[in-house]
Amino acid sequence: MPQIEPSARYPDQPTVALSQPVGDEVRKTTCYMCACRCGIDVHLRDGKIRYIEGNRDHPVNRGVLCAKGSAGIMQHYAPARLQAPLKRVGPRGSGEFVEISWDEALETATRWLGEVRERDPKKLAFFTGRDQSQSLTGYWAQMYGTPNYAAHGGFCSVNMAAAGIMTIGGAFWEFGAPDWDRTKLFVLFGVAEDHDSNPLKIGISKLKARGARFVSVNPVRTGYSAVADNWIGIRPGTDGLLILSVVHELLKARKIDVDYIARYTNATWLVIDDPGGADHGLFARDGDGKPQVFESVTERVVPLGTEGARAALSGRVTLDDGRTAVPAFQLLAERYLDARYAPDAVAGETGVSAEVIRGLAAEIARVAFDETIFLDQPWTDMNGVRHDGFVGRPVSFHAMRGLSAHSNGFQTARALHLLQVLIGAVDCPGGFRFEPPYPKPVEAHPTPHGRAEHFGSNKPLSGPHLGFPRGPEDMLVDEEGRPARLDKAFSWDAPFSAHGLMHMVIANAHAGDPYPIDVLFLYMANMAWNSSMNTAGVIRMLEDKDEAGEYRIPKIVYSDAYSSEMVAYADLVLPDTTYLERYDCISMLDRPISEPDAVQDAIRWPVVEPDRDVRGFQTVLIDLAGRLRLPGFVDSRGKALYRDYADYIVRHERRPGIGPLAGFRGRDGGRAGRGAGNPEQLDRYIANGSFFSAHIPLEAQFFKHANQAYQDFAVRMGFFDQPQPVTFQLYQEALQKFRLSAEGVRKPVAPETHRERILSAFDPLPFWYRPLEEEAVDREAFPYHAITQRPAAMYHSWGSMNAWLRQIHTRNPLYVPGSVCDAHGLEDGDWAWVTSNHGRIKVEIRRMEAVNSSTLWTWNAVGKRGGAWGLDANVPEAERGFLLNHLINELLPPKGDGRRWSNSDPITGQAAWYDLRVRIEKAEPGLESQPHFSALTHLRDREQVPAELRYGQEWSR
Ligand code: SF4
């Protein structure tokens, strides 16, 4: 008899279960087909994945799933998956490997790593790509004791992150987001499709539904720009100039939020004006180190925060010691009101007409000040002042790599934050809003660790690798000023390199500059192909041997789930699982998935078991930590503390009661943020859709940088142990300290070789300078820019071997503006030589009109090396696809003194991918792009791999 039960939905009607359920089993986890971390429902039947759809209840994507996300099934069944640990038996690059057991692989890795840790720990360089476990990998490297650790941020968007944190205590994407429900004007700068992909789609659709205006500033009109109300086709590398011209217009029209600026920024702080003095350009401080301001009623210099003081924004005062000082705002206003920032003066350089710049400024001013929002929610600020509600300036901005990946990107990102602060649009209704645990002032971040006194044989590093120097004294250099780190991060070369310089690691290791290493340990970083500048050169470095016939980079350990180009150059390969086969933790200790209204983090879990001899990299790392007896991973008797990564996620505590996950803490799982470990924690996450969410109290939702209720909430959640309000640093004193060092008036004095560079770039107020490659090359010989865009359907090299996604992009032509085609006799489908100061490539072109007239562009990372990623030698990606990387050198052209600087932002070390200058000329028709590389050896027997991979087809090793 069928069971008859009342239905919950229609209690009067019985529900008849006529048969066994016919539906799929659905397991909810987190997508990893790009970095956005959407929630997904994985449908399974008989233990096999049938398809993937968006989780409608997930706070990041609300059910939205992109092409990449749904194609995750083909990533999971990809022929490119590694099958077992590998040991190289032929020369590097030959593809000659033998499969070995995990015991042998782990014993080998332990021996190599153990010897280095004993002898000289800095001879391990451990760098990770676009992984999402940096709170573990960083901790592991710290406990190991090498100074040489970072993730991929140095070649991605460190300019955006560092400039944001140093200016407002947070940045875009993982740090904050536009207030999509209230903003009335949204301005998107540059490439963003790969950062905040689905949230931006959802946000833009909300804007469209409400009739809000969306302006895109991008040299190329693709992706989101294609649906913008206004497209501003700017010349690459000039965004900072455009932004500061908008600032010029706003200041001229007095359309700035003076109360907001005076209350929340350092605009009133007095800056010492004493040219040639050791404190010139620094803040005047009292005996306790408190910044001083000029009290405009009593006309006295008083410490910041003096009760009842009305601090002036302009004027010149004499300090007690006789020196003079002016409020930072006065310097700011004098600079940006200068005629060189007038729209007419910048139009030629930016390629944007003065009329458009004036129009953009006017629209920002109109929306910010004529369409102000007021939310009737009383709140109290950090000074104890009660406010009736939240005042909102409904203008918001978003930017990522397009602004970042230039050698002037740090100052450009600072300029954008300056703009949004000046109109009072940071963390207000309708503006940009922080996502917990941000904002965090620089003071809440560590200084970097890695100097010789920070580590030693068989000892952990005395603090975290990555952080923010407060001045030159925090740099990682020796007494002679030589870099302590292999990538030269936090040295005079790039003092604020908060994410390291991964793009310099192989070149420096090969050159033994500043010292040789023994082991290069990489995870998920395709450095032998699309993740490196000067790809052919990097391949040669990986293969190069010394006079004794030994590889110059002696040992390379690599972990990846797929047979990427990098695998061929490894000596030991540790095969990772796919994202559907392992635990992951998108942690509050790192950059979680919070929203402006809620604290959120997430996990992944093995929704299917691996069918190969592979292990999750994080579990392997924990295993290695136990074998190496790293502190923090073993008890006092040397016994491993954690069984695997899942065990670590649940039981590890970074501080008492603070672990990797914020949700379901405490013995009963009822605590959030702080609390004892909960053995059921992962089960609770899984039952909750693999995420945790805790709403921020209404009173605490805006002005988090200065909101008493939010700061108390942050302490309760364990982000901080005491309130950490943020004063926006429009004037950046730390940069001025470097200038004083470069002038030789402050210790440590900058080396002679670095002085000009520091003096020209380290301005405490945002400014614009020409990108360094553009300045170094003959602009007439290389008249065009060449940049990449991220296709919405692919993410780095991951997607371009995916059987479904390859049907969208199998090759990448170079898109050339119509006017450039006409000037060079090029027609759609022609082939052309494209030449930079470093090299030349031959590619197929497409004519395009929706692009800045001096800009050539192509899709990123579609070009492949034949044989890699399980692809045949003659696939379109290898024959007609190409990389711009072959045209980009990791070093700038030599200067007069013969020195060559890294092709990076001089402040942060951010790789300057988008500074590339080229020329173009017609070529004979071809069948394959140049340079063409010999195919790599397949790592799998082709007989075992079907010629065509189809949905639903079942095959394995
Ligand atoms: S944007 Fe697409 S690929 Fe990225 S996490 Fe979301 S669903 Fe996955």
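Me: As I understand the naming, helices are DSSP runs of at least four residues, numbered from the N terminus. Which of the elements gives the most to the lining of the largest pocket?

Reply: Please note that this is a predicted model. A pocket is an open set of grid points, and its lining residues have an atom within 4 Å of a point. Here helix α8 gives the most to that lining, with 5 residues. The elements giving two or more residues to the largest pocket are α8 (258–264), α5 (158–168) and α20 (733–743).

Me: How much space lies in the largest pocket, and which residues lie nearest its centre?

Reply: The space amounts to about 1600 Å³. Of the 50 lining residues, Arg263, Thr265, Trp269, Leu304 and Thr727 lie nearest the centre of the largest pocket. By class, this lining has 24 nonpolar, 15 polar and 11 charged residues.

Me: How many cavities of 30 Å³ or more are there?

Reply: A cavity differs in that a 1.4 Å probe fits but cannot get out. The count comes to 9 cavities of 30 Å³ or more. The largest cavity holds about 320 Å³ and is lined by 26 residues, with Arg130, Met524, Asp560, Tyr562 and Trp798 nearest its centre. Its lining divides into 11 nonpolar, 11 polar and 4 charged residues. The second largest cavity holds about 170 Å³. Among the 15 residues that line the second largest cavity, Arg401, Asn530, Thr788, Asn860 and Trp913 are the closest to its centre. Strand β31 (residues 784–789) contributes the most to this lining, namely 3 residues.

Me: In what order do the strands of the open sheet stand?

Reply: Two strands pair if DSSP finds at least two bridges between them. The 4 strands run in the order β13-β12-β11-β23, with parallel pairing. β13 (230–232) and β23 (395–399) each have a single partner strand, so one side of each is left without a neighbour in the sheet. Neighbouring strands are turned by 15° against each other on average, direction ignored. Between β12 (residues 213–217) and β13 there are 3 bridges; valine 215 has asparagine 230 in β13 as its bridge partner. Helix α6 packs on the sheet, touching β11 (185–189), β12 and β23, and its direction makes about 145° with that of β11.

Me: Which helices each supply at least two residues of the shell around the ligand?

Reply: They are α1 (67–70) and α6 (197–210). The residues around the ligand include Cys31, Cys34, Cys36, Cys38, Cys66, Lys68, Ser197 and Asn198. By class, the shell has 7 nonpolar, 3 polar and 2 charged residues.

Methods:
Residues are numbered from 1 along each chain as its sequence is written. This is a predicted model: local features need pLDDT of at least 70, side-chain atom pairs count only at pLDDT 80 or more; totals for chains, interfaces and linings use all residues. Side-chain values use heavy atoms; hydrogens and water are left out. On a 1 Å grid over the protein atoms alone, a cavity is a set of points where a 1.4 Å probe fits but cannot get out, and a pocket is an open set with protein on both sides within 12 Å along at least five of seven lines; lining residues have an atom within 4 Å of a point. Grid points are joined across faces, edges and corners, and a volume is the space filled by probe spheres set on the points. Ala, Val, Leu, Ile, Met, Phe, Trp, Tyr, Cys and Pro count as nonpolar, Asp, Glu, Lys and Arg as charged, and the others, Gly among them, as polar. A residue is near a molecule or strand if one of its heavy atoms lies within 4 Å of it. Axes are lines fitted to C-alpha atoms, for helices over the stretch in contact, and angles run from 0 to 180 degrees between N-to-C directions. Contact means heavy atoms within 4.5 Å.
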